[in-house]
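Me: I would like to go through a model with you. Could you take my questions one at a time?

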Amino acid sequence: MSADEAAYSNYVVYGPDVNCTLALCPAELSVYQYQPTLPGNICFLVFFAIAMIIHLAIGLKWRTWFFVICMFWGCVSEMIGYGGRIMLHYNPFTFTGFLIQIICITLGPTWFAAAIYITLYKIILYLGPQHARFPPKAYYWIFIPCDILSLLLQSVGGALSSTSEGSSNAAVNVSIAGLSFQVFTLLVFITLTLEYAWRWQRARRATGVKEPLSRPFKIFVAFLSAATLLILIRCIYRIDELSEGYSGPLIHNEGLFIGLEGVMVLVAVYCLIIAHPGPVFQGFDDEKALRQGSAGADLERKHSETA
């Protein structure tokens, strides 16, 4: 123990009984070993609030209830989380602020992933469920429960953090398990999406269909893909960040956190504004597509003729 550390040996720097403040201890003794930036965290809070309002407006207009509920709670979670980081700016030792941000910022992207998963179901119905390997609703019932399990694991990790004194890695390990399962689910989602696209393209070639996809649909898919990849990158970063617990080098690097957590998720949320399912699937009848199989392909062909 260094002389500087010995000078603060009577203070508790982490946990429910923390008694350090900036007036008594340097920020380097806190969990993150830095004082979170105030302007950066305010900007994230404001931009997530703006995104939430836009998603609510679009969702209410197009009545995309599941999608908008997921986006709403995801944005709320992010806003609360960055509120917790603002608390850490004023006192890097506040255990309440630490818990708020570690739980809410970790859970936010799980809601966004759920919104993304439901769109594969819509895309399959739209382009033709006859091309899918599994019944369209099977995709829905595969990914949403997996997302819920990931959410529960990360919630348990956060709950364990609330009782940890910093000597146990149980909370970190459970959170990593939740994040790892989220990455696994995203990779399976990407694989099945690409597999469906291949089967759909192969069927088009076999039947001689040459009509191009409409421009709005291409834009929708492009931004949906970007949002998926951004959330995947963020989850991989968070796993690496927590791999050495609260003492690893990545968790002490605010620049990486801002770039690979905050920016990645924020850009993904704004990508999902452009990739909102309401406008591109307007007038589409899910039940008709399930009954007729090719109804979505017929509607897409009509859109391509008018685009």
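Me: Which residues are linked in a network of salt bridges?

Reply: The network joins R234, R238, E241 and E261. A salt bridge here is a side-chain nitrogen of Lys or Arg within 4 Å of a carboxyl oxygen of Asp or Glu. This is a predicted model, in which local features need pLDDT of at least 70 and side-chain atom pairs count only at pLDDT 80 or more, while totals for chains, interfaces and linings use all residues. Residues are numbered from 1 along each chain as its sequence is written, and side-chain values use heavy atoms, with hydrogens and water left out.

Me: How far apart are the closest N and O atoms of R234 and E261?

Reply: They are 2.8 Å apart, in a salt bridge. R234 belongs to helix α7 (residues 215-242) and E261 to helix α8 (residues 254-274), so the pair ties together parts that are 27 residues apart in sequence. Helices are DSSP runs of H or I with at least four residues, strands are runs of E with at least two, and both are numbered from the N terminus.

Me: Are R234 and E261 buried or exposed?

Reply: Both R234 and E261 are buried. Buried means under 20% relative accessible area, exposed means over 50%, and partly exposed lies in between, with a 1.4 Å probe and protein chains only.

Me: How many salt bridges does the structure hold?

Reply: It holds five. One of them is between the side chains of E195 and R133, at 2.7 Å from N to O. E195 lies in helix α6 and R133 in the loop between α4 and α5, so this pair ties together parts that are 62 residues apart in sequence.

Me: Which other residue forms a salt bridge with E195?

Reply: R199 does, with the closest N and O atoms 3.9 Å apart. E195 and R199 are four residues apart in helix α6, so about one helical turn separates them.

Me: Changing topic: what does the secondary structure come to?

Reply: The chain has eleven helices and zero strands. Of its 307 residues, 49% are buried.

Me: How many cavities of 30 Å³ or more are there?

Reply: There are two. A cavity is a set of points, on a 1 Å grid over the protein atoms alone, where a 1.4 Å probe fits but cannot get out, and lining residues have an atom within 4 Å of a point. Grid points are joined across faces, edges and corners, and a volume is the space filled by probe spheres set on the points.

Me: How much space lies in the largest cavity, and which helices supply at least two lining residues each?

Reply: The largest cavity holds about 80 Å³ of space. Helices α4 (95-127), α5 (136-161) and α6 (170-207) each supply at least two residues of its lining. Among the lining residues are I102, T106, Q154, G158, S175 and Y246.

Me: How does that lining divide by residue type?

Reply: The lining of the largest cavity has eight nonpolar, four polar and no charged residues. In this count Ala, Val, Leu, Ile, Met, Phe, Trp, Tyr, Cys and Pro are nonpolar, Asp, Glu, Lys and Arg are charged, and the others, Gly among them, are polar.

Me: What about the volume and lining of the second largest cavity?

Reply: The second largest cavity has a volume of about 40 Å³. V13, Y14, S30, V31, P92, F93, T94, F95 and F98 line it, and these divide into seven nonpolar, two polar and no charged.

Me: Back to the backbone: what is phi of Q33, and what is phi of R63?

Reply: Phi of Q33 is near 65 degrees, a positive value in a residue other than glycine. Q33 sits in the loop between α1 (3-7) and α2 and is partly exposed, at 39% relative accessible area. Phi of R63 is near 60 degrees, also a positive value in a residue other than glycine. R63 is in the loop between α2 and α3 (65-90) and counts as exposed, at 60% relative accessibility.

Notes
On a 1 Å grid over the protein atoms alone, a cavity is a set of points where a 1.4 Å probe fits but cannot get out, and a pocket is an open set with protein on both sides within 12 Å along at least five of seven lines; lining residues have an atom within 4 Å of a point.
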